[in-house]
Amino acid sequence: MKRLCGLTIVFTAGISIATAHAAEPERVRGTVTAVSPGEVTVSTATGKIIMQAGPDTKYLTVVRSDLDHIAAGSYIGVAAKNVGEKQVALDVLIFPPAMKGAAEGHFGWDRMPDTTLAGGAHTASTMTNGSVATAAEDGNAATATSSMTNGSVASASQSGAVRQVTLTYKGGQQTILVPPTAPVVTLQPGTGSDLKAGDKVFVNAIVDGGKTTAVLFLVGSPSFAPPI
């Protein structure tokens, strides 16, 4: 528990670095090609990045989950796209209880694979971190829209294949439809030994004078990439 509480602070800091006012933040998505003491090489869509990894670098492993774990009181993050006036989830991240409140709010995010479409198309997205006030399901999966929303579930209900979730966070709330196509994952504490060549990762990093330093790794596997 102490370790998870520490990771709450670390994860919040890592997301903040990647989204707030820090100089030259970097969000890296790719595959680890080499790991050596103090250094990790990640192959991305635009080339290879060599980043420093030291005693302050933190690691979380990404584990598949499902919508049944989205319940009242849980704290989640949802990457979403806008469809008309609705938001439909591209992916869902369920935070461990000790990480409740991490990066709370609603904010712009990156272009991401559109899991609501065939063919791996990309779409613009936003990030919302907050608490789920209500959750219900909408049977019309074809109209479901996703966005990134992190929050606590105040209540949850189900009616059909698509779940409607209302997330609350300091200063606002968002209502999101979560279709069955959205990947659902959770996080577990990890260490540097979890990181191996071939693993797919999401990294929060800082670029300073041409030097890239990893703050936080979300570690998937060779067959499973962190969806955020």
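Ring pairs join Phe107, Trp109 and Phe202 into a cluster; here, rings of Phe, Tyr and Trp (its six-membered ring) pair if their centres lie within 6.5 Å. For a charge to sit over a ring, NZ of Lys or CZ of Arg must be within 6 Å of the ring centre and within 35 degrees of the ring normal. Before going further, please keep in mind that this is a predicted model, in which local features need pLDDT of at least 70, side-chain atom pairs count only at pLDDT 80 or more, and totals for chains, interfaces and linings use all residues. Residues are numbered from 1 along each chain as its sequence is written, and side-chain values use heavy atoms, with hydrogens and water left out.

Arginine 27 also leads us to aspartate 110. The side chains of arginine 27 and aspartate 110 make a polar contact at 2.4 Å, and the side chain of arginine 29 makes one with that of aspartate 110 at 2.7 Å. A polar contact is a pair of N or O atoms within 3.5 Å; within protein, one must be able to donate a hydrogen and the other to accept it, and residues adjacent in sequence count only if both atoms are side-chain atoms. Aspartate 110 lies in the loop between strand E7 (105–108) and strand E8 (112–113). Aspartate 110 counts as buried because its relative accessible area is 19%, where buried means under 20%, exposed over 50% and partly exposed in between (1.4 Å probe, protein chains only).

Now step back to the whole chain. It has one helix and 16 strands; helices (H or I, at least four residues) and strands (E, at least two) are DSSP runs, numbered from the N terminus. Of the 228 residues, 49% are buried.

The largest nonpolar core has 19 residues, and Leu60, Val62, Phe95, Leu187 and Leu218 have the most contacts inside it. Strands E4 (58–64), E5 (75–83), E6 (86–94), E14 and E16 (211–219) each give two or more residues to this core. A second, separate core of 15 residues includes Val42, Ala53, Leu195 and Val219. Such a core is a set of buried Ala, Val, Leu, Ile, Met, Phe, Trp, Tyr and Cys residues joined through side-chain atoms within 4.5 Å.

Back to the rings: the structure holds four aromatic pairs. The rings of tyrosine 59 and phenylalanine 217 are stacked, because their centres are 5.3 Å apart and their planes are at 5° (planes under 30 degrees apart count as stacked, over 60 as edge-to-face and the rest as tilted). This pair links distant parts of the chain, with tyrosine 59 in strand E4 and phenylalanine 217 in strand E16, 158 residues apart. Tyrosine 59 is buried at 12% relative accessible area, and phenylalanine 217 is buried at 0%. Elsewhere, the charged end of arginine 64 sits over the ring of phenylalanine 224, 3.9 Å from its centre.

Threonine 191, between strand E14 (184–189) and strand E15 (200–208), is partly exposed at 32% relative accessible area, and its side chain makes a polar contact with that of serine 193 (2.7 Å). Alanine 103, in the loop between E6 and E7, has a positive phi of about 50° although it is not a glycine. Most residues other than glycine have a negative phi.
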